[in-house]
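Thanks for asking me to look this one over.

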Amino acid sequence: MLKATGAIGASMLSSASGAAAPMAEILEGTGPFGAGMSRTRISALAATMASIGAAWVAHAQPESPIRQPDPGRGAVIAAQAVAPGVLACAQCHARNGAGSDGSGAFPRIAGQSAWYLAKQLRDYASGVRLNAVMAPIAKALSSDDIADVTAYYASVNAPYPPSARPDPALIKHGEQLAKTGNAARELQSCDNCHGPGGAGEPPAIPYLAGQYARYIATQLTMWQRGLRDKNPDAMADVAKRLDTQEIAAVAAYFQQVDAPRVAARQLTRSRGSLP
Ligand code: HEC
Ligand code: HEC
């Protein structure tokens, strides 16, 4: 228990380091700590957490603390419908999680952390994240289904479909925003939270590298309009500081950023096997 508490303290303090990996298991089923908070707030919280300790860990896992996610069962859920009238995940996300049609209408979910994917499914089910397609699907999944299907997709190493070569000037602009932000407008860099090259900071912060530009742009617009979660509200704030041109630029940049190179790293980290 003490060891687990230590892991939480460490990963909360450093959402920008790889130390967060063990949190995926520990925090399964709770809200997103660490991601949208200021460093001071995180430090204060970490101190409180240390004193709350084991009791908090117990509280963090209200459901089936003993059951381990079963990616094998998750693969079956991905391939087959879970309930009458609900399409199988693979119809839209593909069995390998790369998105079934390459258009970006369906996000890439392969190798994304199970914790992040599960949070999204709960957010769709509760209506915190609004989407008419995913809401009924998420509602049809039991909490064990969610644990298993997200464990499955988190473990898949899917290829990156080739993308059309977008405008180099647009990509350059996007790269600059992604890497350095814009101090004058108090826009912090994307890489600050999403990691170098948008490789993600599992468990709470998704990778953007290799994600479809169209999907990235849609999500940023959803946040601008208040249609995606405010929990944490970091992304709503970031999105509201971007104009349409900048959204197109960061989206184009992240889709083509050296995705296969970061993919191996993402995968190892989402599986929690890096130190
Ligand atoms: C009919 C098509 C369809 C099916 C079937 C489907 N999805 Fe989705 N899924 C989508 C679309 C479209 C989105 C993007 C919605 C949005 O903009 O919020 C999405 C988004 C998601 C996300 C959020 C990804 C992210 O990066 O935030 C997750 C997780 C997800 N789906 C998991 C699943 C799982 C698990 C299943 C099967 C149980 C499934 N989906 C079945 C179409 C589908
Ligand atoms: C302060 C931290 C922070 C910064 C800075 C930040 N993000 Fe995020 N981002 C997050 C978090 C946390 C999430 C996950 C939100 C959730 O759990 O639903 C996220 C999610 C996203 C998603 C959704 C991905 C998906 O799979 O659905 C997109 C797209 C995104 N961010 C783009 C950006 C871009 C582009 C920038 C830079 C302009 C940026 N972010 C800067 C914290 C940040």
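Predicted model: local features only at pLDDT ≥ 70, side-chain atom pairs only at ≥ 80, totals over all residues.

1. Let me start with the peptide bond between P202 and P203. This bond is cis, with omega at about 5 degrees. As for its setting, P203 sits in the loop that runs between α11 (190-194) and α12 (213-224). As background, most peptide bonds are trans.

2. Next, please have a look at A94. Its phi is near 70 degrees, a positive value in a residue other than glycine. For context, most residues other than glycine have a negative phi. A94 belongs to the loop between α6 (89-93) and α7 (114-126). Is A94 buried or exposed? A94 counts as buried because 21 C-beta neighbours lie inside 10 Å, and the cut-off for buried is 20 or more.

3. E186 also deserves a visit. Here phi is near 55 degrees, again positive in a residue other than glycine. The residue is found in the loop between α10 (168-180) and α11. E186 has 9 other C-beta atoms within 10 Å, so it is exposed; the cut-off for that class is 12 or fewer.

4. Finally, a helix residue: Q176 is part of α10. It has 16 C-beta neighbours inside 10 Å and therefore counts as partly exposed. How far apart are the C-alpha atoms of Q176 and A249? They are separated by 9.4 Å, while the two residues are 73 residues apart along the chain.

Conventions: Residues numbered from 1 in each chain as written. Chains lettered and ligands numbered in written order. Helix = DSSP H or I, 4+ residues; strand = E, 2+ residues; numbered from the N terminus.
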